[in-house]
Amino acid sequence: MTRALLLITALLSAVTASAQSRPAAPPVAEPGGVAIRGFADAGTEMFHALDSFQAVFRKNSGTRVGGGVAVTLPLGLFADVRVSRVRMTGERAFLFGGQTYRLGVADTLTVIPIQITGGLRGARRGARATPYIGGGFGWYRASERAAFSSADEVAERATGGYHLLGGADLRLWRIFGVGGEVEWSQVTNGLAGSGIASSLKDTNLGGISVRVRLLAGRW
Amino acid sequence: MNRRHALTAAAVLVSAAALLSGQEPGAPAFLPASGLPAIDRGLREWDAPRPPGGARAVSRPDAPDDSRLNGSLIVRFRDEATPDTRTRSLSLIHGTSTAQPAWADFEIVALPPGEDPESAAATMAARSDVAYAQPRYRVHKMFVPNDPLYSRQWNFPALDMERTWDINRGASSKIVVAVLDTGMAFRNATVRFTGRALFPFPALGPVEVPFAAAPELGGAERFVAPRDFIWNTDAPFDMEGHGTHIAGTIGQVTNNASGVAGMAFNVRLMPIKVLDGDWDAVFNSPNVATDDLVARAIRYAADNGAHVLNLSVGREGGPAPAVRAAIEYAVAHGVFVVVAAGNEFESGNLPNRFADFARDVPGMVAVGGTGRTNQRAFYSNTGSYVELVAPGGDMRRGGTTAGILQQTYDQDVVDRFFLSRFGPPRFDVFVYDYYQGSSMAAPHVAGFAALLMQQGITNPAVIEALMEATATDLGTPGRDNEYGYGLINPRAALRGMGLIK
């Protein structure tokens, strides 16, 4: 989390410095053309299942890193494909009387969302910043492994879900740019099982993600 | 040529063939099948002694500390590593690459004598052309006690204790388990008694009775605040063997290459004598076991630092409010209380009055007994107060060896109540003996509670809830009067719950 904040700060500083030192550069893609950019992103994921995550991990947020491909399409449309990962480490626990009792057995959750997003970009000729909104669906693979687990004790789930997102990209220099976005996701039944989430009737593996992304490609 | 000459010639020929074929020294030479059948010597009466610890009987010169092999390393070079970079990397540790073994994506790198595999591995792992490097750590089986008679203790594998001990290796000396019973063979002494006449046995007069600490219960440091409520002393000598057997199930010294194992083998034990036996009667003890004595002993245990209390005792008859109040006192002071459900199923199934209020006291459990097949033992009481079951043994279904094996007195020198050989007993001769009863089931739960305490769950009510939530349901689905919530599942409880599973 701290590293993500540092990264965000550094990126914002870079954007500010770049905006101050360089004149605006025109987008290089022809209006109405197709442009492809690759991106890497990092940020934080705050899971909706607050109580369940806090019981095991003492917090409901984790660092999310990923990357993908963003395709700008005619008519201001775009499509993204993204793969990311959130990994959290905590302690297995037991709930009783509204309290959490931890057992000192390490527990690691890894969530890998694979998402496809489509939406609209508010591109204007000559503008360096491009806002966008979109939505899509994805597959969310959750894997939970504890210390001393045997193979049959590892939880593996893959669940479908959907998301909405919005953000803005800023072209910095030649093919490089930076962006920031917020995503809200809903992954019903992503936490179904026999664990603490089930005890607390939390089934949603979705959350709110805030992240920055670095882009490289044709603008 | 006689048979001996023929065999010698065959051996010489096979040896020569092995040499000519360049077979490595030490590789097995497979001789032609001789046609002789295998020898079956049947079951041994007693297991032969085994080497101590997880340790081996012999020590390899290339692995003196038994944890890793010296003289070699596992290295996985990255695919993009070139022969030049590999050579440069290997030169840093003076290593020599050998052929990649079959079914491996790594290679074994030979190290010169004296090269430390740990530091060599660290050096290699830091190289950009190396994906990973590690010493050749030796692999061992998961914790299985090496006590030679452990193989006769079906009760621990039935509870998946081997994998449980991987999570918690028998608790620690911070946890104290009080055993309120017939006393315990906890120290050596010779005690002079006067044996009075009790029909039909004549008076023994003054006798010197030897006592000894059970070898498998450990040294004096294991015992905390011993107390005898039958004789009003601080020397609760066991004059039956019941309490010593129960103490063994809780905390028998384990993995010492001797005898048998116990559930929570690192705890300390608090021996408290609240039951009198025949010899206590012959020697004219000032007290006999009564509710008030048991109630006082429970409070004594709570006030003297017990974390878990095992009561493999009880009675039928009227309610026991004094004992109930004492148990509630103990639970309120953070003591988890385990009570045997009783053995009266075939005698009217009268409830054990020390157990029949267990459902109303969170932090106290009543425990029934099961046999080898996880079925309720023939003797084990049923009723709404039964909350959990644990192995208590069922010799009717499985014979003697279906009982619970622990060390206790040799009854041949204790139980001398035959007119022909009536004489003073000895309490310094031990055997490993099979007992059965809910008395034997309860200490499994007491040991289990000690493991949970060690794991950080100290609230008795939470311990009970966790035990019940993780029990393996038996009998009618859900809680029932035969098995309660089911057979204890220590591993599931000690693992707790994750987010999803």
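Helices (H or I, at least four residues) and strands (E, at least two) are DSSP runs, numbered from the N terminus. The model is predicted, so local features need pLDDT of at least 70 and side-chain atom pairs count only at pLDDT 80 or more, whereas totals for chains, interfaces and linings use all residues. Residues are numbered from 1 along each chain as its sequence is written, chains are lettered from A and ligands numbered from 1 in the order in which they are written, and side-chain values use heavy atoms, with hydrogens and water left out.

**View 1. Overall content of chain B.** Chain B contains 14 helices and 15 strands. Of its 501 residues, 50% are buried, where buried means under 20% relative accessible area, exposed over 50% and partly exposed in between (1.4 Å probe, protein chains only). Among contacts in chain B with a separation of 6 or more, 75% are between residues 24 or more positions apart; contact means heavy atoms within 4.5 Å.

View 2. Strand β5(B) spans residues 176-181, and six of its six residues are buried. Val176(B), Ala178(B) and Leu180(B) lie on one side of β5(B), with Val177(B), Val179(B) and Asp181(B) on the other, and both faces are covered. Two strands pair if DSSP finds at least two bridges between them. On this basis β5(B) pairs with β9(B) (residues 268-273) in the parallel sense over six bridges, and Asp181(B) has Lys273(B) as its bridge partner in β9(B). The pairing of β5(B) with β10(B) (residues 308-311) is parallel too, over four bridges; here Leu180(B) stands opposite Leu311(B).

**View 3. Helices α6 and α2 of chain B.** Helix α6(B), residues 242-251, is mostly covered, with ten of its ten residues buried. Its buried residues include His242(B), His245(B), Ile246(B) and Ile250(B). Leu92(B) is in helix α2(B), which comprises residues 83-92. Leu92(B) counts as partly exposed because its relative accessibility is 45%. Not counting residues up to four places away in sequence, Leu92(B) touches Thr123(B) and Arg127(B). The C-alpha atoms of Leu92(B) and Ala120(B) are separated by 8.4 Å, although these residues are 28 apart along the chain.

**View 4. The buried side of helix α2 in chain A.** In α2(A), residues 50-57, the buried residues are Ser52(A), Phe53(A), Ala55(A), Val56(A) and Phe57(A). They lie on the same side of α2(A) because they cover an arc of only 160° around the axis; the arc is that of the directions from the helix axis to the C-beta atoms. The elements covering these buried residues include β1, β3 (77-96), β4 and α3 (196-199) of chain A. Arg58(A), which follows α2(A), has a positive phi near 65°.

View 5. An antiparallel pairing over 17 bridges links β3(A) and β4(A), and Met88(A) has Leu109(A) as its bridge partner in β4(A). The two strands form a hairpin with two residues between them, and Gly97(A) in the turn has a positive phi of about 60°. β4(A) is also joined by 15 bridges to β5(A) (residues 129-146), with the strands running antiparallel.

View 6. Arg121(A) is in strand β4(A) and stands opposite Tyr132(A) in β5(A). Arg121(A) is buried, with a relative accessible area of 11%. Leaving aside neighbours within four places in sequence, its contacts include Arg37(A), Thr72(A), Phe78(A), Tyr132(A) and Asp169(A). Between the C-alpha atoms of Arg121(A) and Gly134(A), 13 residues apart along the chain, the separation is 8.6 Å.

View 7. A cavity is a set of points on a 1 Å grid over the protein atoms alone where a 1.4 Å probe fits but cannot get out, and lining residues have an atom within 4 Å of a point. Grid points are joined across faces, edges and corners, and a volume is the space filled by probe spheres set on the points. The count comes to one cavity of 30 Å³ or more, and the largest cavity has a volume of about 40 Å³. Its lining includes Glu45(A), Phe47(A), Arg64(A), Tyr140(A) and Ser185(A). Two or more lining residues are given by each of β1 (35-47) and β4 (99-121) of chain A. By class, the lining has six nonpolar, two polar and two charged residues; Ala, Val, Leu, Ile, Met, Phe, Trp, Tyr, Cys and Pro count as nonpolar, Asp, Glu, Lys and Arg as charged, and the others, Gly among them, as polar.

How values were computed: On a 1 Å grid over the protein atoms alone, a cavity is a set of points where a 1.4 Å probe fits but cannot get out, and a pocket is an open set with protein on both sides within 12 Å along at least five of seven lines; lining residues have an atom within 4 Å of a point.
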